Amino acid sequence: MTTTKKDQPDKNTPRKCAHPGCNCPARPGEQYCSEFCENIVGSDVCGCGHTDCKPHAHAEAGT
């Protein structure tokens, strides 16, 4: 399979946090947005606390 420039991520686009339930951008040079996401195991629900994180924003709206 040949990769094209279109298939490769843009260098200027932040990588998404590696936690499956998080929508935040990862910290520069890291896989995760926070220590919370880096250390949480066995949960698909994000609780990183960032206001830009969609799951967190929905949870806040319900309280």
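**Ground rules**

The model is predicted: local features need pLDDT of at least 70, side-chain atom pairs count only at pLDDT 80 or more, and totals for chains, interfaces and linings use all residues. Residues are numbered from 1 along each chain as its sequence is written, and side-chain values use heavy atoms, with hydrogens and water left out.

**Whole chain**

Start with everything selected and colour by pLDDT, the predictor's confidence in each residue, from 0 to 100. The mean is 75, and 65% of the residues reach 70 or more. Now select residues 56-63: pLDDT is below 50 there, and this stretch has four contacts in the model beyond near neighbours in sequence. Contact means heavy atoms within 4.5 Å.

Switch to cartoon. The protein has two helices and zero strands. Both element types are DSSP runs, numbered from the N terminus: helices are H or I with at least four residues, strands are E with at least two.

Of the 63 residues, 21% count as buried. Buried means under 20% relative accessible area, exposed over 50%, and partly exposed in between (1.4 Å probe, protein chains only). Among contacts with a separation of 6 or more, 25% come from residues 24 or more positions apart.

**Select the cysteines**

Pick Cys-17, Cys-22, Cys-24, Cys-33, Cys-37, Cys-46, Cys-48 and Cys-53. These eight residues make up the largest nonpolar core. Such a core is a set of buried Ala, Val, Leu, Ile, Met, Phe, Trp, Tyr and Cys residues joined through side-chain atoms within 4.5 Å. In soluble globular proteins, nonpolar side chains tend to be buried together.

Cys-17 is buried at 2% relative accessibility, and Cys-48 is buried at 14%.

Centre on Cys-37. Leaving aside neighbours within four places in sequence, Cys-37 contacts Cys-17, His-19, Cys-22, Tyr-32, Cys-46 and Cys-48.

**Select His-19**

His-19 sits in the segment before α1. It is buried, with a relative accessible area of 2%. Show its surroundings: beyond four places in sequence, His-19 is in contact with Tyr-32, Cys-37, Ile-40, Ser-43, Asp-44, Val-45 and Cys-46.

**Select Ser-34**

Ser-34 also belongs to the segment before α1, a helix that spans 35-39. Is Ser-34 buried or exposed? Buried, at a relative accessible area of 10%. Its side chain reaches the backbone nitrogen of Cys-37 at 3.3 Å. For polar contacts, the cut-off is a pair of N or O atoms within 3.5 Å; within protein, one must be able to donate a hydrogen and the other to accept it, and residues adjacent in sequence count only if both atoms are side-chain atoms. Not counting residues up to four places away, Ser-34 touches Arg-27, Cys-48 and His-50.

**Select Arg-27 and Glu-38**

End with the charged pair. The structure holds one salt bridge, meaning a side-chain nitrogen of Lys or Arg within 4 Å of a carboxyl oxygen of Asp or Glu. The side chains of Arg-27 and Glu-38 form it, at 2.9 Å from N to O. The pair links distant parts of the chain: Arg-27 is in the segment before α1 and Glu-38 in helix α1, eleven residues apart. Arg-27 is partly exposed at 27% relative accessibility, and Glu-38 is partly exposed at 39%.
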